[in-house]
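Visitor: Can you walk me through this one? I'd like to start with the strands.

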Amino acid sequence: MTANSAILSAADLKSELAGSRPPVLLDIRWQLGGPDQRPAYEAGHLPGAVYVDLDRELAGPPGAGGRHPLPDPEAFGAVMRRAGVTSDGPVVVYDGGQGWAAARAWWLLRWTGHPNVRVLDGGLAAWTADGGAVSADEVTPVEGDFKPTVGAVGLLDADGAAARARAGLLLDARAGERYRGEVEPIDPVGGHIPGAVSAPTSENVTEDGRFRPADALRARFEGLGASEGTAVGVYCGSGVSGAHEVLALAVAGIEADLYAGSWSEWSSDPARPVATGPDPQ
């Protein structure tokens, strides 16, 4: 992937929206364990943007596959068509600024074969900071024709994640204290997949939520072991912030596979090994 092709600035989005082929806009505002964000969307969103609910529409029911297992592809495709997504028309996704939820939508669209999806760098906050207008108007998009074809990007299961940690590079996108097993506020046990390397996704962005420059991100990931020819995988707590790390890697020009079940799936099976402390092993 070409560096920076996965994201665009608010200024560039303004130009594209004024052009002959404006992108479909998807609002993916979401808070982990927080209130429904639809009221916030209804109070003000990018003009023309359609709200998509992460918990209900970008994930399947919680269970053995984790807290945010992947949605049924056909159900996901129906959600995207209702939002106006076409098979090859450009799509731009955004959230409230953290980028995790937007990255989840970006990853799902890529996984299901969409060729032209990007994330608004810095989200809604960057848009308004650049003078972008917001609207409370109800949006009724024209039905799209997008049909998902899964497998366009790499997906790991638990066995694949374990193998990637042994022969390749498996990055843990969670906060360092969760990786080390010092705290675990959500899942049954603290720690990390043996062999995984701590790489908090929060360190990929600046204080305003925008991604660091591509060369800085590439230097970071190379320092963590993402050398030429090394297969890279990513996981997090439930496959949301991990998608954000995959996006950061894409900005740096590095392809990576996502372990979507992540720690919430891994830790649900007491037979799976758990490592603690600051070292991968």
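Guide: First a term: buried means under 20% relative accessible area (1.4 Å probe, protein chains only). The model is predicted, so local features need pLDDT of at least 70 and side-chain atom pairs 80 or more, while totals for chains, interfaces and linings use all residues. Residues are numbered from 1 along each chain, and side-chain values use heavy atoms, without hydrogens or water.

Visitor: Okay. Which residues of β4 are buried, and on which sides?

Guide: In strand β4 (residues 91-94; strands are DSSP E runs of at least two residues), Val91 and Val93 are buried on one side. Val92 and Tyr94 are buried on the other, so that both faces of β4 are covered.

Visitor: What does β4 pair with?

Guide: Strand β2 (residues 24-27) pairs with β4 in the parallel sense over four bridges; pairing takes at least two DSSP bridges. β4 is also joined to strand β5 (residues 117-120) by three bridges, again parallel.

Visitor: And what stands opposite Val91?

Guide: Val24 is opposite Val91, and in β5 the bridge partner of Val91 is Val117.

Visitor: New topic. How many cavities of 30 Å³ or more are there?

Guide: The structure has one. A cavity is a set of 1 Å grid points where a 1.4 Å probe fits but cannot get out, and its volume is the space filled by probe spheres on the points.

Visitor: What volume does the largest have, and what lines it?

Guide: The volume of the largest cavity is about 50 Å³. Its lining has 13 residues, with an atom within 4 Å of a point. Closest to its centre are Gly97, Gly99, Leu120, Gly122 and Gly123.

Technical notes:
1 Å grid on protein atoms, 1.4 Å probe; cavity = no way out; pocket = protein on both sides within 12 Å on 5 of 7 lines; lining within 4 Å. Buried < 20%, exposed > 50% of the residue type's maximum accessible area, 1.4 Å probe, protein only.
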